[in-house]
Amino acid sequence: MNLTPNSEAMSLPVEAGGSAHVRATGATVTRGSRRVLNDVSITVSARSRVAVVGENGRGKTTLLHVLAGLITPDEGTVHRAGTIGLARQELSAREGETVATLTSEALAASLAALGALQEATLAMTEGDPTADDRYAVALDAATRLDAWDAERRIDVALEALGACTDRDRPLARLSVGQRYRVRLACLLGARHDVLLLDEPTNHLDAGGLDFLTRRLREHDGGLAVVSHDRVLLRDVADQFLDLDPTRDGKPRLYAGGYDAWREARRRERERWERDHEEQQAEHRRLREAVSKARDRLSTGWRPDKGTGRHQRQSRAPGVVQALNHRQDALRAHRIDVPQPPPALRWPDLGVRPGAPQLRAHGVAVDGRLAGPVDLTLDGGDRLLITGPNGAGKSTLLAVLAGSLEPTGGHVRPAKGARIARVTQESAEQDPALTAREVYARHVGRLVARQALREADALPLGALGLLDSEAMGTPVGRMSQGQRRRLGLALALAGRPGLLLLDEPTNHLSSALVDELTDAIGDTSAAVVVVTHDRRLLRDLADWPRLEVGETSAPAVRPCATGSSGE
């Protein structure tokens with residue numbers, strides 16, 4: 001480790017220790033006409049274990065960026081003490097940046113502390129009267145950071161997460177998953193006082209997930225995590241800040257761990273749905289009463305033919321009074337319970353059990369997928385594909401979907417078979433188009449090439465994946481999770497007979513993951529799933545399984561290239 005940085009450039013971390021924290025009070029963020037965060041208050045202090053949860057697009061990532069100082073809230077305050085490490089969902093690769101760029105940033109504080117300690121030691125030997133105080137400050141900083149072990153910790157994390165260890169490798173030549181794993185390893189090795197992690201389990205295999213969980217449980221500072229990984233949330237979090245819509249529009253903070261949060265959330269949702277339905281039913285009853293009273297005024301109150309004019313006139317005021325009374329009751333009835341957010345409504349894909357969908361024989365892709373792979377997939381079939389990162393799982397799905405030609409073997413879709421693939425990361429869309437426009441154009445193309453009958457087209461709102469606000473949002477302004485929901489909607493739009501899902505839980509809320517798990521278990525289509533999600537693996541444990549890749553990991557993992565998460 002180089003201990004000779006420029007002393008004038010060295011900056012020791014601010015002393016915080018047990019007083020380290022990030023505190024947001026009444027944080028509100030508005031984008032255009034949409035309130036992304038509404039009056040959120042949360043403290044992440046030393047030993048805090050906070051999970052930030054909620055449906056996609058509810059501001060979870062925005063909140064982490066507010067806590068980290070990347071976004072200044074429109075209302076409210078944020079106070080920080082100590083060092084903060086943030087893992088963002090996205091990691092760009094600028095020209096010239098290498099793996100060493102990230103590792104050097106992670107080591108900077110430790111190098112500064114050790115350099116200052118070395119400088120103060122030298123000054124003490126030269127009799128400098130200020131050296132004792134400088135030495136004490138530098139020693140405290142180096143001890144808190146465990147600076148002597150910093151580089152080893154990063155090397156251990158890089159290896160455990162299956163990340164690239166070649167410091168000279170340009171970030172732009174690494175896959176999305178590789179870049180993410182390098183950055184995560186650096187954060188875990190840097191010993192920040194507070195960690196803010198946005199979907200840290202994305203792109204990790206089983207070994208990486210175990211290592212991450214262990215390191216977070218051992219972390220002696222504060223932690224706030226946004227994650228779809230239900231096992232991670234159960235293992236590391238004891239408080240849950242739920243940003244999902246509530247009756248009063250305010251977030252909820254739950255204590256007691258994962259199960260306590262889920263149970264409390266379930267009870268609140270049931271009360272909300274029950275109260276909303278009761279108010280809607282009462283409003284319908286009052287409208288019907290007004291309609292009946294109006295009918296009586298026009299026809300129903302008139303007596304039989306031959307009845308005197310005086311009798312007709314004497315009855316009219318009573319009927320008019322009844323109508324006015326019912327109209328007043330309707331106007332007075334207020335619906336103050338908002339519409340509960342939508343739940344997933346999986347369509348009937350209409351696939352006959354056993355109907356042929358696809359045959360693959362001897363499939364292999366040089367350098368990406370070791371073969372041969374033979375597969376037979378028919379209506380109602382289920383297949384779980386597992387293996388380490390880089391083994392070729394995503395490559396195999398691309399071959400099955402017809403978007404990648406194998407270098408060995410062949411794939412034969414059945415005549416008329418409709419195959420849809422959901423990739424690890426959302427496909428690029430025109431950022432200026434709204435979700436509704438993207439979906440409508442996609443359906444239009446399917447109908448135009450006769451891959452879908454117009455009568456079978458599903459409206460976007462019928463799937464329950466996006467609410468009305470999200471459907472009208474330009475794709476460029478949607479969250480990762482909302483774009484993921486749109487991608488799933490696009491896959492379902494063609495009513496596929498074979499659905500290929502690559503890490504389907506990435507970026508999705510835990511509630512939607514539960515709904516999705518139930519849906520893919522019940523659908524009539526054939527379903528193939530690639531996942532490292534530990535809870536999903538347990539839920540799908542009875543599915544047939546295909547293991548791809550090496551039987552044992554190499555001592556040093558290659559630095560994968562390209563855009564694949566593997």
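Predicted model: local features only at pLDDT ≥ 70, side-chain atom pairs only at ≥ 80, totals over all residues.

Visitor: How many residues of strand β10 are buried?

Guide: In a regular strand, side chains alternate between the two faces of the sheet. Strand β10, residues 356-365, has seven of its ten residues buried and is thus mostly covered.

Visitor: Which strands pair with β10?

Guide: One is strand β11 (residues 369-378), which runs antiparallel to β10 with six bridges between them. Leucine 358 has leucine 377 of β11 as its bridge partner. Another is strand β13 (residues 408-413), also antiparallel, joined to β10 by five bridges.

Visitor: What lies between the strands in the hairpin of β10 and β11?

Guide: Three residues lie between them, and glycine 367 adopts a positive phi near 75° in this hairpin.

Visitor: Where do helices α4 and α6 meet?

Guide: From α4 (residues 150-160), Arg153, Val156, Ala157 and Ala160 contact Gly207, Gly208, Phe211 and Arg215 of α6. These contact residues comprise four nonpolar, two polar and two charged. The axes of α4 and α6 (residues 206-218) come within 9 Å and cross at roughly 145°.

Visitor: What span does helix α14 reach, and what is expected?

Guide: Helix α14, residues 510-522, contains 13 residues and reaches 19 Å from first to last C-alpha, close to the 18 Å expected at 1.5 Å a residue. Its buried residues include Leu512, Val513, Leu516 and Ile520, with Asp514 also among them.

Terms used
Residues numbered from 1 in each chain as written. Heavy atoms only, no water. Helix = DSSP H or I, 4+ residues; strand = E, 2+ residues; numbered from the N terminus. Expected span 1.5 Å × (residues − 1). Buried < 20%, exposed > 50% of the residue type's maximum accessible area, 1.4 Å probe, protein only. Pairing = 2+ DSSP bridges. Axes fitted to C-alpha atoms, helices over the stretch in contact; angles between N-to-C directions. Contact = heavy atoms within 4.5 Å. Nonpolar A, V, L, I, M, F, W, Y, C, P; charged D, E, K, R; others polar.
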